[in-house]
Amino acid sequence: MDEVIKDTAEPRPREGATTDLPHDRVTVERFRQAFPRARWSDRLNAWFVPGRTAERRIGRWFAEMEAEADRFADEKGRDAFAFEPIESPYLDAAPAAFQIRTPYSRAAIDEIREIPHARWDADRRLWTVPYRSFAELRQRWPVIEAAAKRSEPDARHARREAIKGTEEEEASKERMRERRRKRYPVPADDPPPFDRAIGTHIGIVFFTRTEGELVDSATVTAFYFPAADGEDYVWASWRRGPLEELVRAWPARIPPGQGERDRGWWIPTLDELRTARRDARSRRQASERKEKDKPSSDRPADSA
């Protein structure tokens, strides 16, 4: 590859996004033509593109590259689907791509995200999967459909009725109450840094403070992760990070080891940050739609 401009200085918080590229000269050259301000970061082992809209622009560029890479792949997928279709109320074979619309299910979302080129359409509130990914979609569809059925309102209601008055119901309620407290156990002698993105067993959070209150090991194991023998834990308060902070967060260069996971917190990987960013974007869009749907009389008055 021709001369590559490298950024070896200390990382600075900047608005932008990182991305990985295939290790071939042509793709890298085309990427640099499309993003002349992109710089390679040795620390992140990834390309960094500055700008508030960088993640969206990178996504569009990858979409264009994918479409160009194999223009016949979608036709092959259509033929395969026509020969052996998937019949499901959650799947629609639209002219441009498959459309997946299910009740909210984390299990279904996790499966869909593993399908190559699957994308979330926030405006229409559905997932799109190109026909070229039909083979992977077929392989994962039984899990997706089963998770969707479990998330139907009637199915949820039936499960609640089945456990009503049992120890299982009380345990479920206690887990929900514990999560609403927005606290997390951390080792007393190895707490995480505050106000930066941290990976945990409940997702990526930003820790804000700790009062030094000790946590019972049984509580740690029951609600969070297996407590280590002889380890003292204290409660740390946390908050969810908005999209802007998650975009600026720097990922770990390597995935966390077992020791870090046993500790309960770690520096998140780029894949973990991407998932958190998608969730944060969904929360923001949901909030904006909710505000937009409010009657005008309920909206805050514009300041003079």
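Two strands pair if DSSP finds at least two bridges between them. Helices (H or I, at least four residues) and strands (E, at least two) are DSSP runs, numbered from the N terminus. The model is predicted: local features need pLDDT of at least 70, side-chain atom pairs count only at pLDDT 80 or more, and totals for chains, interfaces and linings use all residues. Residues are numbered from 1 along each chain as its sequence is written, and side-chain values use heavy atoms, with hydrogens and water left out.

**Exercise 1. Work out the strand order and pairing of the sheet that holds S6 and S8.**

Step 1. Read the order. The sheet is open, has 4 strands and runs S5-S6-S8-S7. Its pairing is antiparallel.

Step 2. Find the edges. Strand S5 (91–93) and S7 each have a single partner strand, so one side of each is left without a neighbour in the sheet.

Step 3. Neighbouring strands are turned by 30° against each other on average, direction ignored. Axes here are lines fitted to C-alpha atoms, for helices over the stretch in contact, and angles run from 0 to 180 degrees between N-to-C directions.

Step 4. Check one pair. S6 and strand S8 (residues 126–129) pair in the antiparallel sense over 3 bridges. Ile100 has Trp127 in S8 as its bridge partner.

**Exercise 2. Is Gln99 buried or exposed, and which residues does Gln99 contact?**

Step 1. Locate Gln99. The residue sits in strand S6 (residues 98–100).

Step 2. Classify Gln99. Buried means under 20% relative accessible area, exposed over 50%, partly exposed in between (1.4 Å probe, protein chains only). Gln99 has 18% relative accessibility and therefore counts as buried.

Step 3. List the partners. Contact means heavy atoms within 4.5 Å. Neighbours within four places in sequence are left aside. Gln99 then contacts Tyr90, Leu91, Asp92, Ala94, Arg124, Leu126 and Trp127.

**Exercise 3. Describe how H4 and H5 pack.**

Step 1. Take the geometry. Helix H4 (residues 106–113) and helix H5 (residues 134–150) pack at an angle of about 155°. Their axes are 8 Å apart.

Step 2. Name the arrangement. Angles under 35 degrees count as roughly parallel, over 145 as roughly antiparallel, 65 to 115 as roughly perpendicular and the rest as oblique. H4 and H5 are therefore roughly antiparallel to each other.

Step 3. Identify the contact. From H4 come Ala107, Ala108, Glu111 and Ile112. They meet Arg140, Val143, Ile144, Ala147 and Arg150 in H5.

Step 4. Sort by class. The contact of H4 with H5 has 6 nonpolar, no polar and 3 charged residues. (Ala, Val, Leu, Ile, Met, Phe, Trp, Tyr, Cys and Pro count as nonpolar, Asp, Glu, Lys and Arg as charged, and the others, Gly among them, as polar.)
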